[in-house]
Amino acid sequence: MDSRFLQSFVSVVELGSIAEAARHLDMTPATIAQRVRALEADIGSQLIVRSGRTVRPTVAGTRILARARSVLRELRDLRSAASDTELPAGPLRLGAIPTGLTGILPLLLKDWVRRHPQIGIYVEPGSSTALHGRVMAGELDAAILVHPSFDLPKTSSWHALRREPLVLLTPARMKVASALDTIAREPFIRYDRQVVGGKMADDYLRLLGVRPNARVELDGIEYIAKLVAEGLGVSVLPDWAVIGTPHRDLKKWPLPPPCPARTVGLLWQRATVRAPLVDALVQIARPHFGRHGDAE
């Protein structure tokens, strides 16, 4: 059985169509379809079926999907372990939340390319919740995410990168005498309460008895920042990482105590073949985020 056929099948199921899988794998749709048919012939069962414009797995396809992913992970590990260099072979499969992609990862990648030019990095964006699940399932080697509100498994490692206290975000032209009065008075753009930072902000305002006039609620700190810059309201957000000059149309204001903070860091499972690659990334991170980078 050719592992490339398994990869094509898994990609088709995960992405929902042969065309999307072809784009993702940089191949033609005809090649992907041919590989899936070859896998079906080898296994002796139909694995996918068309449903309108999408593709879904058959009963047999659903049954083998988890095992197919497991086989692909084992093959990746085998190739990494077979490296004759100091570090396992890559690529390092790294997830990152949106603010990590723009405010943390560029610093790390610049040094990584200089120190380990022969080892590539595959980067997958996502929410903290989704990335946590993919690291725990072995589908990603590590992820830059927000520390969850629950204890991490003992099989995992954590390296803190940034502590990000809540701040009031306003248009730069707005004058603020009292942060809490401003939140209560101005139209409010609420950070999604389903994510750690959003729930933290909501709990903080409730504790202080502040009831903002919420105009909209959404996930995505940088999306909220754009709305604030356009003068559509103010928001309470974690003080996220920014590389370069801060946005000239925005201003951050401190909040009175007890002001909570979220912690952004690297999460990985320690007993994996590519864990040494994550250790190497942590060593790169220390000079940039040394004040907050206390490993747990």
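Which residues is Trp112 in contact with, leaving aside its neighbours within four places in sequence? I looked this up before anything else. Trp112 is in contact with Leu92, Pro117, Ile119, Ile121, Leu277, Ala280, Leu281 and Ile284, where contact means heavy atoms within 4.5 Å.

I am working with a predicted model, in which local features need pLDDT of at least 70, side-chain atom pairs count only at pLDDT 80 or more, and totals for chains, interfaces and linings use all residues. Residues are numbered from 1 along each chain as its sequence is written, and side-chain values use heavy atoms, with hydrogens and water left out.

**Cores.** I went on to the largest nonpolar core and found 36 residues in it, with Ile104, Leu108, Trp112, Ile144 and Leu266 having the most contacts inside. Such a core is a set of buried Ala, Val, Leu, Ile, Met, Phe, Trp, Tyr and Cys residues joined through side-chain atoms within 4.5 Å; buried means under 20% relative accessible area, exposed over 50%, partly exposed in between (1.4 Å probe, protein chains only). I noted that α11 (275–289) is among the elements giving two or more residues to this core, and that α11 gives the most, with 9 residues. There is also a second, separate core of 18 residues, which includes Leu6, Val13, Ile32 and Val36. My element names are DSSP runs numbered from the N terminus: helices are H or I with at least four residues, strands E with at least two.

**Helix α9.** I checked residues 196–207 next: this helix has 12 residues and reaches 16 Å from its first C-alpha to its last, close to the 16 Å expected (1.5 Å times one less than its number of residues). Its buried residues are Gly197, Gly198, Met200, Ala201, Asp202, Tyr204 and Leu205. I found β6 (156–171) and β11 (261–269) among the elements that cover them. Just after α9, Gly209 takes a positive phi of about 75°.

**Val216.** Beyond residues up to four places away in sequence, Val216 touches Phe188, Ile189, Arg190 and Leu227.

Last, I looked at β1 (residues 48–51) and β2 (residues 54–57), which pair in the antiparallel sense over 4 bridges; pairing requires at least two bridges found by DSSP. Ile48 has Pro57 as its bridge partner in β2. The hairpin has 2 residues between the strands, and Gly52 takes a positive phi near 70° there.
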